[in-house]
Amino acid sequence: MSIKYVHTNLVAKDWKKLVYFYTEVLDCIAVPPERDLSGEWIEKATGVENAKIAGIHLRLPGYGANGPTLEMFQYNSIDKENRLKISSPGFAHLAFAVDNVELKVKEIIHHGGKPVGELIVKEIENVGKLIFQYVTDPEGNILEIQKWEV
């Protein structure tokens with residue numbers, strides 16, 4: 001049996017605004033068609049009563065046509081109670097490698113993101129120098145912007 005990673009789902013408050021951020025700032029590419037999902041089958045699959053889902057897949061930067069995607073979905077009703085922090089169990093952040101961490105962080109903040117921590121430069125023995133900073137996208141999802149120098 002073979003296995004292949006295909007996508008990560010990100011539930012958005014406003015999927016179109018978040019798609020704009022990820023395509024403009026992080027070079028993701030929209031992969032049509034847009035999704036407009038509803039009906040008994042989606043309710044059974046998600047366990048969400050009266051679920052209606054809209055969104056699209058985004059090809060992650062650095063991968064070809066068959067690379068993994070970020071599945072950007074918006075539900076007709078959102079659970080506002082459950083908000084993860086960097087230290088919460090489960091998925092914590094998405095990481096993007098860039099040429100210039102400081103510049104990309106400034107761009108993210110300019111487009112509505114916020115810093116989570118400070119810019120860090122750390123020499124990792126036998127690996128190289130890591131430059132990184134945690135920030136959020138405009139909806140508060142945590143991103144790691146990083147560069148390795150070997």
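Helices α1 and α3 cross with a right-handed sense. This holds for a predicted model. The residues that bring the two helices together are Phe21, Glu24 and Val25 on the α1 side, with Lys104, Glu107 and Ile108 on the α3 side. Sorted by class, the contact of α1 with α3 comprises three nonpolar and three charged residues, and no polar ones.

Two packed helices are described by the angle between their axes and the distance between the axes. Helix α1 covers residues 15-25 and helix α3 covers residues 101-110. Their axes come within 11 Å, and the crossing angle is roughly 155°. Angles over 145 degrees count as roughly antiparallel, so α1 is roughly antiparallel to α3.

The pair belongs to a protein with three helices and nine strands. Read from the N terminus, the order of elements is β-α-β-α-β-β-β-α-β-β-β-β.

For the protein as a whole, the C-alpha trace spans about 55 × 40 × 30 Å along its principal axes. The protein has 150 residues, of which 34% count as buried.

Key:
Residues are numbered from 1 along each chain as its sequence is written. This is a predicted model: local features need pLDDT of at least 70, side-chain atom pairs count only at pLDDT 80 or more; totals for chains, interfaces and linings use all residues. Side-chain values use heavy atoms; hydrogens and water are left out. Axes are lines fitted to C-alpha atoms, for helices over the stretch in contact, and angles run from 0 to 180 degrees between N-to-C directions. Helices (H or I, at least four residues) and strands (E, at least two) are DSSP runs, numbered from the N terminus. Angles under 35 degrees count as roughly parallel, over 145 as roughly antiparallel, 65 to 115 as roughly perpendicular and the rest as oblique. A crossing is left-handed if the near helix is turned anticlockwise from the far one by less than a right angle, and right-handed if clockwise. Contact means heavy atoms within 4.5 Å. Ala, Val, Leu, Ile, Met, Phe, Trp, Tyr, Cys and Pro count as nonpolar, Asp, Glu, Lys and Arg as charged, and the others, Gly among them, as polar. Buried means under 20% relative accessible area, exposed over 50%, partly exposed in between (1.4 Å probe, protein chains only).
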